[in-house]
Every structure is written in structure tokens, then in C-alpha cells.
Amino acid sequence: MTAAAPPIASGDPPWAGQAEAVNSLTDFGDFVREALPGLLRYGHVLTGNPHDAADLVQTVLEKMGARWSYVRQKTGDPLAYVRRSMANAHVSRWRRTRRENLVADLPDTSPCAPKDPFEHEPLWQALRDLPPRQRTVMVLRYYEGLSEVEIAKALNISQGTVKSQASKAIASLRAKLRNQEGGDAG
């Protein structure tokens with residue numbers, strides 16, 4: 001007779017314990033192999049599409065690889081450091097690209113471009129419309145399952161800021177979804 005697997009506590013996300021395992025790795029290659037799937041998911045939710053997520057992860061990991069010994073020794077939590085770096089890089093990229101760029105000719109578009117399956121999902125659209133910091137807090141809280149203390153530490157902000165950003169984001173999401181439901185019903 002085999003022993004049954006220990007039950008997962010009802011509040012624990014399926015990836016609970018992953019951070020400790022990933023943070024115990026000393027080789028950068030091993031860290032990347034273990035953390036990459038979670039970082040790609042995190043990047044996808046931050047950016048709104050898998051291609052920008054892959055670019056974001058690659059950019060941040062490239063910078064981390066060059067400074068891995070520093071990150072490993074000084075931060076104590078490389079996974080949180082990489083997540084924070086991803087959030088910061090995403091906000092920086094968003095600030096750079098939100099400026100309007102005028103071009104003489106319209107670029108050619110491909111009619112065969114694959115569609116994002118979440119493109120017309122109301123919650124996904126509402127999440128994508130949130131300001132970067134609110135979106136980051138929501139992703140870390142509800143997608144990655146981090147506590148308010150862990151989010152505050154990862155983003156280097158106060159716990160009160162995490163709470164206020166989450167509250168504002170939830171209120172905004174509710175209002176947008178309520179407006180969409182009201183528009184669909186009429």
C-alpha cells in the first residue's frame with residue numbers, strides 16, 4: 001500500500017513552495033530552467049501577450065546573468081528580485097512606448113497573424129487597461145499568489161501602497177466589467 005500525498009492546504013496555490021526551491025539554486029542556468037515557466041506566465045499577465053512576455057523575460061534574464069553572483073549574494077531572494085526587475089522593465093517600456101510616434105506610411109500588416117485567445121475576454125481586457133503598477137499588484141497577488149508583504153518587498157513599496165493599489169484596481173475592474181455587462185444586455 002502506498003502512502004497518500006499530503007493534502008494541499010485550501011489556501012495554498014498549486015505552485016506553493018516553488019520560490020524556495022528556485023531560490024536555493026546557485027547556478028544561473030539551473031535557476032533559469034526552474035524559474036522560466038513561472039516567469040513567462042508572470043510576464044504574459046504583465047504585458048498582455050506571450051511575445052512581449054518572452055521579450056521581457058529575455059531582457060531581464062540577460063541582465064541578471066551578467067550580475068548573477070551579486071544578485072545571488074546580496075538579494076537573498078533572486079526570484080523576487082527578477083520579478084521586481086520584470087515589473088520595473090515593463091513599466092519603463094510602457095512609459096517609452098506610450099508616447100505617440102508619427103510615421104509617414106502605415107506599416108504592412110499580416111492578415112494571417114495569430115489571434116490572442118484572450119483578446120476579447122472582458123476580464124483580460126479590463127486587466128490590460130489598468131495602470132502598470134495596479135496591474136503588477138493584481139498579477140502578483142492573484143496570479144502568483146503572493147501576500148501583501150511579499151508584494152511590498154518585491155516591488156520595494158510599502159504594504160499600504162500595495163493595499164491601496166489593489167483596492168483601486170479591484171474597483172476599476174468591477175466598474176469596467178459592470179459597464180460591459182450593462183452594454184451587452186442593452
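Modeller: Start just after helix 7, where glycine 145 takes a positive phi of about 75 degrees. Keep in mind that this is a predicted model.

Colleague: Which residue other than glycine has a positive phi?

Modeller: Asparagine 156, with phi near 60 degrees. Most residues other than glycine have a negative phi. Asparagine 156 sits in the loop between helix 8 and helix 9.

Colleague: What class does glycine 160 fall in, and why?

Modeller: Glycine 160 lies in helix 9. Its relative accessible area is 44%. Buried needs under 20% and exposed needs over 50%. Glycine 160 is therefore partly exposed. Its C-alpha atom is 8.8 Å from that of glutamate 148, 12 residues away along the chain.

Colleague: Where is lysine 153 found, and what makes it count as buried or exposed?

Modeller: Lysine 153 is in helix 8. Its relative accessibility is 58%. The cut-off for exposed is over 50%, so lysine 153 is exposed.

Colleague: How do you know whether threonine 136 is buried or exposed?

Modeller: Threonine 136 belongs to helix 7. Its relative accessibility is 3%. Buried means under 20%, so threonine 136 is buried. Leaving aside residues up to four places away in sequence, threonine 136 touches Tyr42, Leu46, Ala87 and Leu155.

Colleague: Which residues are buried in helix 7?

Modeller: Pro132, Gln134, Arg135, Thr136, Val137, Met138, Val139 and Leu140.

Colleague: Why are helix 7 and helix 8 described as they are, relative to each other?

Modeller: Two packed helices are described by the angle between their axes and the distance between the axes. For helix 7 and helix 8 the angle is about 135 degrees, with the axes 10 Å apart. Roughly perpendicular stops at 115 degrees, and roughly antiparallel needs over 145. Helix 7 and helix 8 are therefore oblique to each other. Their crossing is right-handed. On the helix 7 side the contact uses Thr136, Val137, Leu140 and Arg141; on the helix 8 side, Glu148, Ile151 and Leu155.

Colleague: Which residues touch the most other members of the largest nonpolar core?

Modeller: Phe31, Leu39, Val82 and Met86, in a core of 35 residues. Helices 2 to 9 each give two or more residues to this core. Helix 2 gives the largest share, 7 residues.

Colleague: What does methionine 86 touch?

Modeller: Leu39, Tyr42, Gly43, Leu46, Leu56, Val57 and Val60, not counting residues up to four places away in sequence.

Colleague: How many helices and strands does the protein chain have?

Modeller: There are 9 helices and 0 strands. Of its 186 residues, 31% count as buried. Among contacts with a separation of 6 or more, 65% join residues 24 or more positions apart.

Colleague: Where in the protein chain is confidence lowest, and where is it highest?

Modeller: Helix 1, residues 18–23, is lowest, at a mean of 56. Helix 3 is highest, at 92. Over residues 1–17 the pLDDT is below 50, and this stretch has 3 contacts in the model beyond near neighbours in sequence. The protein chain averages a pLDDT of 80, with 72% of the residues scoring at least 70.

Note on methods
Residues numbered from 1 in each chain as written. Predicted model: local features only at pLDDT ≥ 70, side-chain atom pairs only at ≥ 80, totals over all residues. Heavy atoms only, no water. Core = buried A, V, L, I, M, F, W, Y, C linked by side-chain atoms within 4.5 Å. Buried < 20%, exposed > 50% of the residue type's maximum accessible area, 1.4 Å probe, protein only. Helix = DSSP H or I, 4+ residues; strand = E, 2+ residues; numbered from the N terminus. Contact = heavy atoms within 4.5 Å. pLDDT = per-residue confidence, 0-100. Axes fitted to C-alpha atoms, helices over the stretch in contact; angles between N-to-C directions. Parallel < 35°, antiparallel > 145°, perpendicular 65-115°, else oblique. Left-handed = near helix turned anticlockwise from the far one by under 90°.
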